[in-house]
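Open the model in your viewer and keep the sequence panel beside it. The stops below say what to select next and what is there.

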Amino acid sequence: MVKHQPLQVYERQLCLSCLTGIYGCRWKRYQRSHDDSSKWECSWFFLLCCSFLLLLVWSYFWLEARNDYNEFNWLLYNRSAVWKDGTVPILTTTLTGFTYTAFLMILALCHIALGQQLNLYWIHKIVVLAILLTTITGVVSIDNFWQDEWDIVVISLQFTGPFLHIGALAAVTALGWVIASQVVRVERSRLQVVMLVIYVSVLLVLYLVPLCISSPCIMDLSKLGPRPAVIGRRGAPMLAPEHTIMSFSKALQQKVTALEADVTISLDGVPFLMRDRTLRRTTNVDKLFPGRQDHDASFFNWTEIRSLNAGLWFLRDDPYWTVQYMSEKDRNRTANQTVCSLAELLRLAARTNRSVIFSLRRPPPQHPRHQLWVSDALKVIQRSSILPEQVMWTPDWYRKKVRAAVPLLQQTSDEKLPVAELKERGISTLTLHYSQARAQDIRQFSGSNVSVNVYPVNEPWLYSLMWCSGVQSVSSDAPHILKKVPNPIWIMSADEYGLIWITSDLISVAIVIGIFIFQNYHLIRWKMSGMRSYNPEQIMLSAVVRRPSRDVNLMKEKLIFSEINNGVGSTDELSVYTGNGLDAYARDDIMMPARHASKL
């Protein structure tokens, strides 16, 4: 009696099926392959890696550029004359693309770790290529349109560098599992050496990167200076329409120490607060004065300017996505705001004992006040009730004349000059963009009794960095956010950071060595055992295999015949050996079809 016995019981491998199915649309068992990936598929894997890394940098850029989102939208407005939040589509597409490529990268690494052939599905290829080209286009566009913003990446690395280093070290250490599995599996010694050299080189670079990391927040706590004062830049423009009495009142509620504004001279010589060259964005000039919405704001007289509404645009455009959190009372108040004059701002500052810092825009040459603009501003200051020492004068035009007319004015400058020249001009305060505020320069100015004010600082991480750098004050669009930062987000001594750095490196070295030892031990044990049960996942039945080996043909023959219980060894005696990445059978245990026939 002949008893047919299956050679192998097929096991469901749902995890592997999902990996190969999602990545390459290979859902069937026979579609999988342990062959080496073709050069074409390796090229697509390289493109996937490039897309992932580029999107990683791109995402980091926009995450840190959050401090300047309103500046970006303002630049877009100046080009298109239409206010819109251009960051929303960029952030949406960036997040979607990064999530997609990160998921594919994880699947690809799982394929490599399991020895599966990389075979990216054609739809994924199209999407990855589209993401790569779109990201490159975005990078080039930003470089042309907003080139100065790349400085935020360098500055943010001073704050995030130590943590990014630990994250990168953890990721590369975990990647050691994939590298080790490939090194022990590949039998071509030259390729093994190349893979090991590249991986070890990357690790060594990461181990030594902290030598190049310099952050103001790596300091002794005892050397930390006082908390920088917060200046309301155009008031509190996230809570109320910029340059309005309501905006400045909201800023005062957040305990700001000074108020900052942009001043323009009207046609009849009245200084008023306006950032833009025109009145189009922040007023209803298109309704009251149709056809003049693109005219320079200084060519309107004060009566015309005062008749404009300066709050409805805030409710309509919602530039900071904060209108939904406003009370009904604040919304009604916002809808009735008017353009604020410099005199009104000075009266408010005098009443609340706050300082005022403003930049003065000179009217065009054909303007009747083109030569008198400085005198117009000085007259308003002299006639107001504010103390002269509470006013910080920024314009560099006619500075000697200004000092002679009002000697007690605080002279400030937005130009980074040598200390000696600052002293000669009588300048006691520097107002600098954060990209110009380097820690060593700030210490030099502070040592010479020159205060440093930095703008715009809207994010807690940048405020913490400026605090550790030693600045005396910051100008912010978000005083309500900085109010909630009583201490720097992080600060550690050099010894503490050195301990974290060395400990992380030692842990990484131990883990990497352990991974390679385990992989080699596992391979040696597998080979020395001599036999293992047949795994149908390693049959080369896929049509992708162009040149089936002799070992594969033998494997197919073994699937044809069943074992006979008349003295012949059981199926456990059938052994499989691995060589060159393929499954081969031991010659001594192979039962040929003719011997089966003779026993029958």
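Grid points are joined across faces, edges and corners, and a volume is the space filled by probe spheres set on the points. This is a predicted model, in which local features need pLDDT of at least 70 and side-chain atom pairs count only at pLDDT 80 or more, while totals for chains, interfaces and linings use all residues. Residues are numbered from 1 along each chain as its sequence is written, and side-chain values use heavy atoms, with hydrogens and water left out.

Select Glu 242, His 243, Thr 244, Leu 273, Met 274, Arg 275, Thr 282, Ala 310, Trp 313, Val 339 and Cys 340, which line this cavity; lining residues have an atom within 4 Å of a point. They divide into six nonpolar, three polar and two charged. In this sorting Ala, Val, Leu, Ile, Met, Phe, Trp, Tyr, Cys and Pro are nonpolar, Asp, Glu, Lys and Arg are charged, and the others, Gly among them, are polar. The count of cavities of 30 Å³ or more comes to three.

## Helix H8

Next select residues 245-253, helix H8, where seven of the nine residues are buried. Helices (H or I, at least four residues) and strands (E, at least two) are DSSP runs, numbered from the N terminus. Buried means under 20% relative accessible area, exposed over 50% and partly exposed in between, with a 1.4 Å probe and protein chains only. The buried residues are Met 246, Ser 247, Phe 248, Ser 249, Lys 250, Ala 251 and Leu 252. Show strands S1 (229-233), S2 and S3 (271-273) with helices H12 (328-334) and H13 (342-352): the buried residues of H8 pack against these elements. Just after H8, Lys 255 has a positive phi of about 65 degrees.

Move to the second largest pocket, which holds about 720 Å³ of space. Of its 28 lining residues, the closest to the centre are Glu 71, Arg 233, Arg 234, His 433 and Tyr 455. A pocket is an open set of points with protein on both sides within 12 Å along at least five of seven lines. S4 gives the most, with four. The lining divides into 12 nonpolar, five polar and 11 charged residues.

Beyond four places in sequence, Thr 20 touches Cys 25, Arg 26, Arg 32, His 111 and Gln 116; contact means heavy atoms within 4.5 Å. Its C-alpha atom is 8.2 Å from that of Leu 107, 87 residues apart along the chain.

Arg 26 sits in the loop between helix H1 (14-24) and helix H2 (39-64). Arg 26 is buried, with a relative accessible area of 4%.

## Confidence

Finally, colour by pLDDT, the predictor's confidence in each residue from 0 to 100. The mean for the protein chain is 84, and 83% of its residues reach 70 or more. Over residues 530-600, pLDDT stays under 50.

How values were computed:
1 Å grid on protein atoms, 1.4 Å probe; cavity = no way out; pocket = protein on both sides within 12 Å on 5 of 7 lines; lining within 4 Å.
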